[in-house]
Amino acid sequence: MLTIAIPQLYCGASGKRGAYNRQEVGLARAFAALGCRAVVLYPAPGAAAPETECPAPGVKVLYLPARAWRVNAFYQSWQPLLDEQVDAVHVMGDNSLGVPGLYRFCRRHGIFFYSQLGALRSQSGSAVIRAAMDLLCRRNLAIYRRTPSFAKTAAVQRELEALRVPCAGVLPVGLDTAIIPAITAPRAALRAQLGLAENAKYILFVGRLDAYKRPLDVAAVLAALPADWQAVVIGQGSLADELHRAMDAAGLAGRWRHIPQLPNAQVHAYYHACDVFLNCNDREIFGMSLLEAMYAGCVPVARHAPGPDEIIEDGVSGFLVGPTQGDTDALAAAAVRAAGAPAMAAAAKRRIRTHFLWQNSAERALRMLRQKGVGTHGQ
């Protein structure tokens with residue numbers, strides 16, 4: 001049986017036990033469903049010994065002792081890859097500083113190394129750190145040039161090609177359907193349950209209320225919509241108070257609901273109950289909430305950005321606008337069009353189920369591994 005390891009080289013909140021929608025676990029479940037064995041490695045800074053979790057048949061999660069520097073993880077040892085008899089490592093390393101050490105270990109022990117890349121430039125707010133990280137990333141580029149490297153989006157594929165990194169194709173991030181609740185109740189029943197007006201039209205915003213997500217634009221979009229439209233905003237952040245002030249100033253206090261925090265299973269009820277999902281971020285790298293909304297049939301209206309451009313078929317499974325000066329009116333107009341096109345909800349669902357489930361990406365990665373003859377220990 002082919003064994004694939006998925007090591008996390010980022011040291012942040014996303015891989016912690018109990019975290020929602022861990023990409024590595026979702027992909028591991030998809031590999032296991034295709035007959036492989038999958039091992040996920042998460043760094044556990046400060047841990048004295050490894051811990052194990054088995055979230056699904058054929059999937060093992062290891063929390064391993066590691067050191068952390070900023071968001072970079074450095075494992076004390078890669079020996080677990082040998083202990084688990086790993087044939088290949090699927091690395092979402094981007095510009096992580098731990099990539100070269102992992103690559104050297106794999107090369108030394110005959111473990112096949114390949115990557116799924118989402119960004120190569122540092123996203124730090126510090127220009128000094130960005131420059132330093134981009135300089136260090138040259139070591140990773142040298143590795144990506146001689147190993148198979150998939151891109152998470154077409155924009156990243158173009159970036160790889162500009163950096164002279166041969167790209168194996170686009171392998172997008174997917175939804176882990178195992179963590180999505182089955183919601184079969186009609187929209188009217190859901191709205192009654194959630195306390196939403198049955199006959200209103202709703203735009204939904206889910207995300208951090210921080211500047212990069214541009215949440216204040218929700219107020220401008222809602223102000224440009226007819227009076228029978230309302231908004232639901234789920235999220236918290238530094239601009240929460242300012243958003244409340246913007247809504248009040250526009251006379252919209254009675255037309256929106258702010259939910260700072262909600263269990264993820266309950267967020268899905270809002271995806272099903274609302275008409276339009278609004279994504280204001282014009283630098284969205286991907287957008288997991290966008291995938292979830294479309295999976296539920298909530299039609300997306302988004303600014304052009306790498307993620308939405310990859311996910312949404314403009315005019316078919318949603319609408320893309322801007323980004324231009326004063327484009328909130330265009331976002332509002334697109335929302336009206338989206339709510340008046342019932343076929344778009346079905347197209348949005350179909351788009352995600354066909355292209356953006358982890359199963360889709362696992363199947364493509366597995367085809368590449370088979371073409372490379374991976375699966376025999378001691379290659």
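Visitor: In what order do the six strands of the open sheet run?
Guide: The order is 12-11-10-13-14-15, and the pairing is parallel. Keep in mind that this is a predicted model.

Visitor: Which ones are the edge strands?
Guide: Strand 12 (256-259) and strand 15 (319-321). Each of them pairs on one side only.

Visitor: How are neighbouring strands turned against each other?
Guide: By 20° on average, with direction ignored.

Visitor: What packs on the sheet?
Guide: Helix 7 (residues 217-224) does, and it touches strands 10, 11, 12, 13 and 14. The direction of helix 7 makes about 165° with that of strand 11. Helix 12 (residues 328-339) also packs on the sheet. Helix 12 touches strands 10, 11, 13, 14 and 15. Its direction makes about 165° with that of strand 14.

Visitor: Back to strands 10 and 11. How many bridges join them?
Guide: Six. Strand 10 covers residues 201-206, strand 11 covers residues 229-234, and they run parallel.

Visitor: And what stands opposite Phe205?
Guide: Val233, in strand 11.

Visitor: New topic: Leu102. Where is its place?
Guide: In helix 3, residues 99-109.

Visitor: Is Leu102 buried or exposed, and why?
Guide: Leu102 counts as buried because its relative accessible area is 0%, and the cut-off for buried is under 20%.

Visitor: What is Leu102 in contact with, leaving aside neighbours within four places in sequence?
Guide: Pro7, Leu9, Trp78, Leu81, Val91 and Phe113.

Visitor: How many residues apart are Leu102 and Pro7 in sequence?
Guide: They are 95 residues apart in sequence. In space they are 9.3 Å apart, C-alpha to C-alpha.

Conventions:
Residues numbered from 1 in each chain as written. Predicted model: local features only at pLDDT ≥ 70, side-chain atom pairs only at ≥ 80, totals over all residues. Heavy atoms only, no water. Pairing = 2+ DSSP bridges. Helix = DSSP H or I, 4+ residues; strand = E, 2+ residues; numbered from the N terminus. Axes fitted to C-alpha atoms, helices over the stretch in contact; angles between N-to-C directions. Contact = heavy atoms within 4.5 Å. Buried < 20%, exposed > 50% of the residue type's maximum accessible area, 1.4 Å probe, protein only.
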